[in-house]
Amino acid sequence: MKKNAKRIKKKTAAFLWIFAAAFLCAACANTPSWQSTGTDQAEPSVLVYGSGDYTRINPAMDEHGEINSLLFNGLTAHNGENEVIPCLAKRWEFEEETNTYTFYLEEHVKWHDGEEFTARDVKFTVEAVMDPANGSENAPNYEDIVQIRVIDDYTVAFQLKAYHAAFLDYMTLPVLPEHCLEGEDMQESEFFRHPVGTGAYRLKRWEEGQAIVLEKNDEYFKEKAKIDQIVFKIVPDDTARAVQMEAGELDLALLAPKDAQSFADREGYTYHLMKTSDYRGILFNFQHAYWKKNKDLIPAVCYALDKESMVNAILQGHGEAAYSPLQRNRYYYEDVQRYTYNPKKARQILEDAGCTMGSGGFYERDGEQVGFVLSVGAGDQVRADLAQAAAQQLKEAGIYCSVEVPVQVDWEGQMAYLIGWGSPFDADDHTYKVFGTNKAANYSGYSNKKVDKWLVRARQSSDTRVRAKAYAQFQKELAKDPAFAFLCYVDAAYVSKSGVKGIAKDTVMGHHGVGIFWNVTEWTIE
């Protein structure tokens, strides 16, 4: 599997949790530039959102950035039911005989710099994502495209090699301006520190490590926003975010469940518990020598994990035990092998594989202790707690596990990682590119020909019955040969000041709880 070291480096958070206390003190000592000056002039309405840090805003190469949907638009979008709707494309047609989608674009849409958006920008963006030299983790979503034709300024056609069930979902890809990025390095360009989009908000100011300030786009081609400014205040640590919400420094934040619950019945706050398709699991790095030798022991790891206790203790009951990457999707296969908590069975698997109990209380195999190091990203308290719980449960089953928080994720060198994925959209999303052999988001190096076959079959059918059967087979094969030890689905616990109105609580959120801003132009602050 190809890796892009620059991309991995740039996605690493700039500040670790150990600096959170100092950041809080600095914030108290100085009045941020986006806060009220106390003058008699009418102040703009400002929403301050507690955000993780950004080293760049590059929606073509990266995923998950909540800020992307504010600055950019795709040809399509998703509504509150996560259905595909028009956006930069006002309509489209599909020619079945040639597998060609033709999109008819909105006219006279302006980029934030005043230039006009055209079909050439669409072609430029998708080709940039498809180019292997650019190392985009989104590339597998578009690999079926064989030709992109600009018919005129407001018409663009995509010919596919086969039917692609998720293609319209993937046309939500934020479109980038060719006139700003032609000839630029799609990983390193300064554009991604000064992005220009077509979205409802434009970049006003980026205060490194502190805040990204957006102002509403008065030239927006759709409904204009009611809130004048949105500030992405950089608070990477979950605990610090809760403290700042308590202090009144934030208007909206995604908090750890145990922190969010403390705001549930408090005056002046609204607690938004939102369902997600977002799961957590242990990714095994099959590029590592340990798993090349001990892959057959992974089912023992899966049986040793008490998922229900994690949901109850760490998620405060706000989530559910995870058994499949499609558990909150229409194509979930109910009878998938579940690996429910069974430490006795875990030990039996180890002993049947020739492992023996060592003097230290952990199993050994060929003179080597059975166990691994579990890496977890900094600042995410839920992942940290899940990792510690998993390590303790594995130790109780005789499998040694330690937890580390690396400064930078080493996808090829680490043994295992507390991963998170999930999508509320088409089932192809975050399955094909995550579990498919050599796909760009397959960070584990997992490869299974049967898994590949069923994912392709599901992608290439428009028949829901055929897709249901294919995804059932995919889930069966994945359970037989686990890429991850699934742990739990994590509900998104958002807290806002009670004056923030318009948040759509019933929309199913995506990976990292992303999606809350889908209808932000309707929000108000009272």
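Modeller: A cavity here is a set of points on a 1 Å grid over the protein atoms alone, where a 1.4 Å probe fits but cannot get out. Its volume is the space filled by probe spheres on those points, joined across faces, edges and corners.

Colleague: How many cavities of 30 Å³ or more are there?

Modeller: Five, in the whole structure. This is a predicted model: local features need pLDDT of at least 70, side-chain atom pairs 80 or more, while totals for chains, interfaces and linings use all residues. Numbering starts from 1 along each chain, and side-chain values use heavy atoms, without hydrogens or water.

Colleague: What volume does the second largest cavity have?

Modeller: About 130 Å³. It is lined by 18 residues (an atom within 4 Å of a point). Nearest its centre are Tyr 323, Tyr 339, Ala 479, Phe 484 and Phe 486.

Colleague: Which ring pairs with Phe 486 edge-to-face?

Modeller: Tyr 279, at 5.3 Å between centres and 75 degrees between planes. Rings of Phe, Tyr and Trp (its six-membered ring) pair within 6.5 Å; under 30 degrees is stacked, over 60 edge-to-face, the rest tilted. Tyr 279 is in strand β13 and Phe 486 in strand β21, so the pair ties together parts 207 residues apart in sequence. Strands are DSSP E runs of at least two residues, helices H or I runs of at least four, numbered from the N terminus.

Colleague: Is Tyr 279 buried or exposed?

Modeller: Buried, at 0% relative accessible area. Phe 486 is buried too, at 9%. The cut-offs are under 20% for buried, over 50% for exposed and partly exposed in between, with a 1.4 Å probe and protein chains only.

Colleague: Which aromatic cluster holds Tyr 279?

Modeller: One of eight members, including Tyr 331, Phe 435, Phe 484 and Phe 486.

Note on methods: 1 Å grid on protein atoms, 1.4 Å probe; cavity = no way out; pocket = protein on both sides within 12 Å on 5 of 7 lines; lining within 4 Å.
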